[in-house]
Amino acid sequence: MHVRGELADVVCFGFVMSDVVVASISALIDAYYGELRSYASRKLRNPVAAEDVVQEAWLRFASSGNDRIANPRAYLYRLVGNLVIDQQRREQTRLGAAAPPSDHLDVVDETVDTERQLMARQRLALLTKAVFELPPRCRDCFILRRFDDLEPDEIARRMGISRNMVEKHLRHALVHCARRLREGD
């Protein structure tokens with residue numbers, strides 16, 4: 001950590017991020033995480049899917065350059081609302097409720113967009129690196145939730161920690177991964 005005047009900067013792999021930015025994201029997560037999760041849960045009627053939607057919203061928020069957002073709470077609600085709609089559409093498609101096929105299908109160019117594919121690979125590499133930078137217990141908690149799709153109560157039971165500690169680990173992982181993704185952009 002370098003101190004210049006009164007501002008401290010976090011230096012991570014050559015990238016500099018102000019402690020103020022990290023602290024503001026953490027403060028926003030502490031302030032709105034629960035209410036956003038409740039909102040998504042009411043909309044989706046599925047607390048597990050709601051948790052995933054809110055975590056995705058925080059990742060997108062933290063990697064969006066949130067210092068330009070005038071009203072972060074409203075932005076987060078809109079982001080969660082849009083992700084809820086996306087989740088509901090995926091669920092409808094999964095259940096076979098998609099629109100019936102049309103006789104006149106548009107021809108879609110199925111050539112691979114190599115630039116987008118490369119960018120996706122780079123973001124995946126950044127995310128992978130960020131996950132492995134996490135402290136071991138935090139990393140284990142994050143992997144169990146995001147990749148093994150375990151509910152927080154099950155993670156708490158398996159790891160022998162409280163649900164609150166699971167949520168704290170998940171918030172820490174979320175902030176860290178979002179920061180690393182933003183630094184890579």
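I started with the lining of the largest pocket, whose residues split into 7 nonpolar, 1 polar and 4 charged. For that count, Ala, Val, Leu, Ile, Met, Phe, Trp, Tyr, Cys and Pro are nonpolar, Asp, Glu, Lys and Arg are charged, and the others, Gly among them, are polar.

This is a predicted model: local features need pLDDT of at least 70, side-chain atom pairs count only at pLDDT 80 or more, and totals for chains, interfaces and linings use all residues. Residues are numbered from 1 along each chain as its sequence is written, and side-chain values use heavy atoms, with hydrogens and water left out.

**Pocket.** I noted a volume of about 280 Å³ for the largest pocket. A pocket here is an open set of points on a 1 Å grid over the protein atoms alone, where a 1.4 Å probe fits, with protein on both sides within 12 Å along at least five of seven lines; lining residues have an atom within 4 Å of a point. The volume is the space filled by probe spheres set on the points, which are joined across faces, edges and corners. Among the lining residues I found Glu56, Arg60, Arg123, Phe142 and Cys177. H2, helix H4 (114-133), helix H5 (136-146) and H7 each give two or more residues to this lining.

**Overall layout.** I counted 7 helices and 3 strands, as DSSP runs numbered from the N terminus (helices H or I, at least four residues; strands E, at least two). The order along the sequence is β-β-β-α-α-α-α-α-α-α.

**H2 against H7.** I looked up helix H2 (residues 47-62) and helix H7 (residues 163-184): they pack at about 35°, axes 8 Å apart. Axes are lines fitted to C-alpha atoms over the stretch in contact, and angles run from 0 to 180 degrees between N-to-C directions. From H2, Glu51, Gln55, Trp58, Leu59 and Ala62 meet Leu170, Leu174, Cys177, Ala178 and Arg182 of H7. I sorted the residues of this contact into 7 nonpolar, 1 polar and 2 charged.

**Ala178.** Ala178 sits in helix H7. Is Ala178 buried or exposed? I read a relative accessible area of 0%, so Ala178 is buried (under 20% is buried, over 50% exposed, partly exposed in between; 1.4 Å probe, protein chains only). Leaving aside neighbours within four places in sequence, Ala178 is in contact (heavy atoms within 4.5 Å) with Trp58, Leu59, Ala62 and Ser63.

**H5.** I listed its buried residues: Cys138, Arg139, Cys141, Phe142, Leu144 and Arg145. The buried residues of H5 pack against H2, H4, helix H6 (152-159) and H7.
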